[in-house]
Amino acid sequence: MKMLWRSAATTALALGVAAIFGPASPATAETPQYGDELRLVVGSKIPSYDAHIESTFGMIHPIRPFYSLLIRVNPDNPSSPTDFVCDVCEGDVPKATDGGTKYTFKIRKDVKFHDGTPLTAHDVKATFDKIAFPPEGIASNRQAYFKTVESISAPDDYTVVFKLKNPSGTFLPSVAMPYNFLYAKKDLDAHGYTWHQKNINGSGAFRFVEHVPGSHVKGVKNENYHHKGMPYLDGFTAISAPKMSVRLQAIRGGQADIEFRGFPPKARDDLVKALGDAITVQESDWNCVLIVTPNHKVKPMDDVRVRKALSLAIDREGGSKYLSRIAIVKTVGGVVFPGHPLAATEAELSQLAGYGKDVEANRAEAKRLLKEAGHENLKITLHNRGVDQPYKVVGTWLIDQWKKIGVQADQWVQPTTPFYATLRKQKDFTISLDFNCQSIVNPIADISKFLPGAGNNYAEFQDEQLLKWYDELLAEGDEAKQRAIIRKYEKRVLDELASQFITLWWYKINPHRSYVKGWKIAPSHYLNQALDNIWIDQAEKKRQLGG
Amino acid sequence: MYGYIVKRLLMLLPTLIGAAILVFLLLRLVPGDICLIKFGGEGAYADPEQIRQCQVSLGLENPIYVQFWDYMKGFFVLDLGTSMWTGKDVTYEIGVRFELSLQVAIMATLTSIVIAIPLGVISAAKQNTMVDYVVRGFSIAGIAMPSFWLGILMILGLLIGTQEFMGRPWMPPISFKSIFDDPAHNISQLIWPALATGYRYSAVATRMTRSAMLEVLGEDYIRTARAKGLIEKVIVNKHALKNAMLPVVTIIGIEFAFLMGGLVVTEQVFNLNGLGKLFVESVTQSDYTLTQALVMLVVTIFVFMNFVVDVLYAWLDPRIRYS
């Protein structure tokens, strides 16, 4: 009741002020304020500080604010999968020259590492040499993304040139990946290629203060940051909180302002119900997808009719509508992130097995295929990862979907480590859930997940056609032609072979305190984490938390 | 007595060596590879060459006997090594968490003692009265209610209660500050887990105090004291309590040792960066060096607490003599 009076009084006061002074201009309402600190909660651990070898948001969220990139996803338009802007380069992101095989980046002259050393083209070259051509014995997790790079050179202190072997649609998205932290050449030369695993010297918006393992990472404003006027915050603290309920209650109880990975729908609803206008919710399609992976070497998954029947049984539209109320999945799509120009349209998708709008007809066809294959009373075990969201929820839903075509399925749930040991080493599964989760939306690179023989494809099959089309795709610079090849590739994977099949793409939900301003949700929990564009509405924060 | 103490201290060494051997062997039987977890645990593509390099750098490709020899050498010179996950000294990793765990254990123990001993004594002195029934109900509820669940209730209660009565929700801080740096922050964070665990702990101790007191109050020397006309307060506090404390001291000692590394779920609920959380992380990450060091720490605390309890026994009951 007190809250009701309070919000009524606040609304009346606001209306009164608005009536006296007239409507505030949007510019006034959203003018960033300087000062204060952002408190974010992070649900995973920091294995090392070296983004060149790590793949976890547990490292990106607390450490990315200390570093710059060469180019990045536009922080003002992060939901666009194709909008990249310069970070330490000058002007616009360069267009390819020399028939699409040469990219020349001009480096800004006002960028400094936190130790005071100016950042030059030589640092950029040394960084990308480490990523693309690491010395013997030095790991680089994203080396494969730069296979198309022939050489990197720095003809002068402020010019970097990438020469490619062939035109490539994957190059710019690969450069913009948030893992490509720029390191100082002198650090690499003096301390070696593993120094950055335990030490931080970046040129990002914040300077490193401390990391208390298992507790928090703290950063303070970099006064020499090259994007003038930013950052707005005086600092940030990334608090480690492995348990989701703690992260949720921390935002509710005012101990934290935001969590960047995303909450399930129920958590969002609870927060909104408890805090009302003190919570802002941003939602987005998410560049992660759950994939059903049959083991083609195990009967009856060696039979395409069985695989196709299992895909036909899935009501993706219905799942999108109902499952999205309880799980972090929502969007119906093919092998490419649904928001990208290279993704299939609804009409194109509807031509593929399991995407037709008539669910009953799909299931009738599934039953026919099972009967034809001699598996009318099929029993299978779905291998799944012991993580609630969205694995176990989607796994349970799949079992129900398969029941509708007479297939009896149960789940074999394993913790993450033995789950991946089963997929990668033992391979003693019949059918499993797996996922593909990327940072930058980079369809050409991402669909390698479906490539037979790829290190992360656990379906155990071979197909010359898919390999041929993928090679063609890598050498093709024209987007329209890329699109046509991907359509053929997609139909082969999801329909003709049903070698693996897509369930639903994930859906990202970020409720945060409404005094956190400036941050925009991206289609990945790895993106837009420099924190340089975030500011705190301090009056609103005081209203909500006091102090 | 002094001879006994020295002898007991010397006996700690073979116990610790046995535990060290056992933990080394058991850890190698548990499936899991830290390099696979580090580079592919979240489903990322794990480059086999990268995995191999990681295994070589951590010495995991060495034969078991070589690993064992390296481990035991470190054990004897008190070099616990570096964490395989973070590369930092194990002593540093443990040190960061030790202060918090020790403080929670001490606060929970104090909470327990403050609650358990008076309640147990009153309950025994007022046996089969309404007071006794209330105390027994209180302690049974404490045993039945897991401390992590009580912790969740406390947090939700604080959130809902403060929202209702103060207009804005409040919960305990989720990041640790040392009591020496910020006492108010420190206490407002740790008092709640200490109360949650201290209540369960006190429930056990209350029942133990009550039954020990009942037993002692039935002894001949107590009857003699009563026959001499001593007042009940003096009989209970001066003659019965000290003897009744023997089993209670055992419980307190063992529970304290348990709290140092065993508050796994409670630490998760209150987001405490303690040894329990580190223990779980080190095991799930297959971080052998860290797990071995943590097990040895907990074993040492247990062995030491047993030793302290034995010495306290002798002090509390002069009839107890050790050869």
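Predicted model: local features only at pLDDT ≥ 70, side-chain atom pairs only at ≥ 80, totals over all residues.
Chain A contains 18 helices and 17 strands. Its radius of gyration is 25 Å, close to the 24 Å that the globule rule gives for 547 residues, so chain A is as compact as a globular protein of that length. The C-alpha trace of chain A spans about 70 × 70 × 45 Å along its principal axes. Of the 547 residues in this chain, 60% count as buried. Among contacts in chain A between residues at least 6 apart in sequence, 71% join residues at least 24 apart.

We can now turn to a sheet. In chain A, 4 strands form an open sheet in the order 1-9-8-7, with mixed pairing. Strand 1 (37–42) and strand 7 (206–212) of chain A stand at the edges with a single partner strand each, so one side of each has no neighbour in the sheet. From one strand to the next, the twist averages 15°. Strand 8 (residues 216–221) and strand 9 (residues 235–240) of chain A pair in the antiparallel sense over 5 bridges. Within this part of the sheet, His216(A) stands opposite Ile239(A) of strand 9.

Next come the cores. In soluble globular proteins, nonpolar side chains tend to be buried together. Here the largest nonpolar core has 149 residues, and those with the most contacts inside it are Leu38(A), Leu70(A), Ile71(A) and Trp402(A). Leaving aside neighbours within four places in sequence, Leu38(A) touches residues including Leu233(A), Phe236(A), Ile258(A), Val516(A) and Ile536(A). Apart from this core lies another, of 97 residues, among them Val104(B), Val236(B), Ala257(B) and Val299(B).

Notes:
Residues numbered from 1 in each chain as written. Chains lettered and ligands numbered in written order. Heavy atoms only, no water. Core = buried A, V, L, I, M, F, W, Y, C linked by side-chain atoms within 4.5 Å. Buried < 20%, exposed > 50% of the residue type's maximum accessible area, 1.4 Å probe, protein only. Contact = heavy atoms within 4.5 Å. Pairing = 2+ DSSP bridges. Helix = DSSP H or I, 4+ residues; strand = E, 2+ residues; numbered from the N terminus. Axes fitted to C-alpha atoms, helices over the stretch in contact; angles between N-to-C directions. Rg over C-alpha atoms; globule rule 2.2 N^0.38 Å.
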